[in-house]
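Colleague: I have a new model open and would like to learn how to read its features. Could you walk me through it?

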Amino acid sequence: MSQFGMQMPGGRQNRGSSPDVYTALMFLGVVAMGVAVGMLWVAGSKVSPDGMPFSIQDANRIELKVDK
């Protein structure tokens, strides 16, 4: 019967998959994680000795830069 375009009663049309709620929540989580990493990068560069967030403070002498 499918050659005549007939379908079974109550059957659904076949559609491609679409994003659902879980996909949207995952996207929102990735965006929130990116914002958090950016904020930590800025905070780390403010307290690091030479302005790079990956540099480590000396254990015996800790310096804090003050922005005015």
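Modeller: Gladly. Let's begin with the surface: this is a predicted model, and the protein exposes about 6,800 Å². Carbon and sulfur atoms supply 65% of that area.

Colleague: How much of the protein is made up of buried residues?

Modeller: Buried residues account for 3% of the 68 residues in the protein. As for secondary structure, the protein has one helix and zero strands.

Colleague: Which residues form a nonpolar patch on the surface?

Modeller: For a patch, look for nonpolar side chains within 5 Å of one another, on residues with over 30% relative accessible area. Here the patch consists of Val21, Tyr22, Leu25 and Leu28, with about 480 Å² of accessible area together. One of these residues, Leu25, lies in helix H1, which covers residues 21–47.

Colleague: And serine 48, why does it count as buried?

Modeller: The cut-off for buried is under 20% relative accessible area. Serine 48 has 4% relative accessibility, so it counts as buried. You will find serine 48 in the segment after H1, and its side chain reaches the backbone oxygen of serine 45 at 3.5 Å.

Colleague: Let's turn to aromatic rings. How many aromatic pairs does a search of the whole structure find?

Modeller: The search finds one. To name the geometry, check the angle between the ring planes: over 60 degrees counts as edge-to-face. In this pair, tryptophan 41 and phenylalanine 54 have their ring centres 5.4 Å apart and their planes at 80 degrees, so the arrangement is edge-to-face.

Colleague: Where do the two partners sit in the chain?

Modeller: Tryptophan 41 is in helix H1 and phenylalanine 54 is in the segment after H1. They are 13 residues apart, and the pair links distant parts of the chain.

Colleague: Last one: are these two residues buried or exposed?

Modeller: Exposed means over 50% relative accessible area, and partly exposed lies between that and the buried range. Phenylalanine 54, at 67% relative accessibility, counts as exposed. Tryptophan 41 has a relative accessible area of 40%, so it is partly exposed.

How values were computed: Residues numbered from 1 in each chain as written. Predicted model: local features only at pLDDT ≥ 70, side-chain atom pairs only at ≥ 80, totals over all residues. Heavy atoms only, no water. Patch = residues over 30% accessible without salt bridge, like charges linked within 9 Å, V, L, I, M, F, W, Y side chains within 5 Å. Areas by Shrake-Rupley, 256 points an atom, 1.4 Å probe, with all protein chains shown as cover. Salt bridge = Lys/Arg side-chain N within 4 Å of Asp/Glu carboxyl O. Helix = DSSP H or I, 4+ residues; strand = E, 2+ residues; numbered from the N terminus. Buried < 20%, exposed > 50% of the residue type's maximum accessible area, 1.4 Å probe, protein only. Polar contact = N/O pair within 3.5 Å; in protein donor to acceptor, adjacent residues only side chain to side chain. Phe/Tyr/Trp six-rings, centres within 6.5 Å; stacked < 30°, edge-to-face > 60°.
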